[in-house]
Amino acid sequence: MNIEISEVANLPSRFGNFKVKAFKEACRDGCKEHLVIYKENFEKIPIVRIHSECLTGDAIGSLKCDCRDQLEFALKLAEQTNGMVIYLRQEGRNIGLLNKINAYALQDQGLNTIEANHQLGFEADQRTYEVVPYILNHFNIQKIKLLTNNPHKIASLNDIEVVERVPIIMDSNQHNEDYLSVKKDEMGHLF
């Protein structure tokens with residue numbers, strides 16, 4: 001992999017005092033810059049959250065998903081357990097912001113999240129995780145407790161031993177109940 005790695009910087013936040021490092025991945029579609037937020041002294045087998053970018057949820061607080069709640073939970077847990085959050089730049093299940101908003105518009109017309117992606121010519125979930133083992137190896141991490149409900153993330157982590165899956169369960173609201181049901185019933189997410 002062709003990856004450029006930043007220096008380490010301090011990142012004081014409302015969730016705790018972290019270290020932060022960026023990984024710039026050269027891709028055939030350009031490049032993606034991922035972020036790793038972590039505590040300096042990892043546990044021997046740290047809790048790791050692999051979180052895919054969700055501008056509408058993470059930054060704006062959209063109620064159509066549970067992304068912001070999951071990210072905030074993961075950052076709090078990383079602070080408490082000397083863990084790590086790997087923030088991957090793959091907006092909208094890796095279809096990009098413009099297509100994500102088009103998918104939102106289709107959802108407003110009654111399609112579910114999978115149907116909307118298919119209508120736009122995409123798979124239900126186009127995210128990839130091949131950079132994650134590279135990042136974990138950079139930190140000399142071979143075993144993790146993975147904070148996820150997504151079995152695809154677990155299966156995609158070649159060369160990294162997932163010794164435990166830690167569920168990340170957020171309360172639903174009237175705007176994301178159907179979305180969460182689709183993730184569970186049609187995408188196989190574990191709850």
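## Where helix α4 packs

Which helices do the buried residues of α4 pack against? In this predicted model, those partners are α1 (55–59), α3 (91–94) and α5 (113–119). The residues of α4 that make up this buried set are Lys100, Ala103, Tyr104 and Leu106. Viewed down the axis of α4, they fall within an arc of 160°, so they line one face of the helix. Leu98 and Asp108 lie on the other side of α4, where they are exposed.

## A check on the helix geometry

Helix α4 covers residues 97–108, and its 12 residues, at 1.5 Å a residue, should span 16 Å. The C-alpha atoms at its ends are 16 Å apart, which agrees with that expectation. After α4 comes Gly110, which has a positive phi, near 115°.

## The largest nonpolar core

In soluble globular proteins, nonpolar side chains tend to be buried together. Here the largest nonpolar core holds 20 residues, and Met84, Ile86, Val132 and Leu136 touch the most other members. At least two residues of this core come from each of β4 (30–38), β5 (47–52), β6 (84–88), α6 (131–138) and β7 (143–147). Of these, α6 gives the most, with four residues.

## A second core

There is also a separate, second core, made of 16 residues. Among them are Ile47, Leu71, Ala74 and Val166.

Definitions and conventions. Residues numbered from 1 in each chain as written. Predicted model: local features only at pLDDT ≥ 70, side-chain atom pairs only at ≥ 80, totals over all residues. Heavy atoms only, no water. Core = buried A, V, L, I, M, F, W, Y, C linked by side-chain atoms within 4.5 Å. Buried < 20%, exposed > 50% of the residue type's maximum accessible area, 1.4 Å probe, protein only. Expected span 1.5 Å × (residues − 1). Arc of directions from axis to C-beta. Contact = heavy atoms within 4.5 Å.
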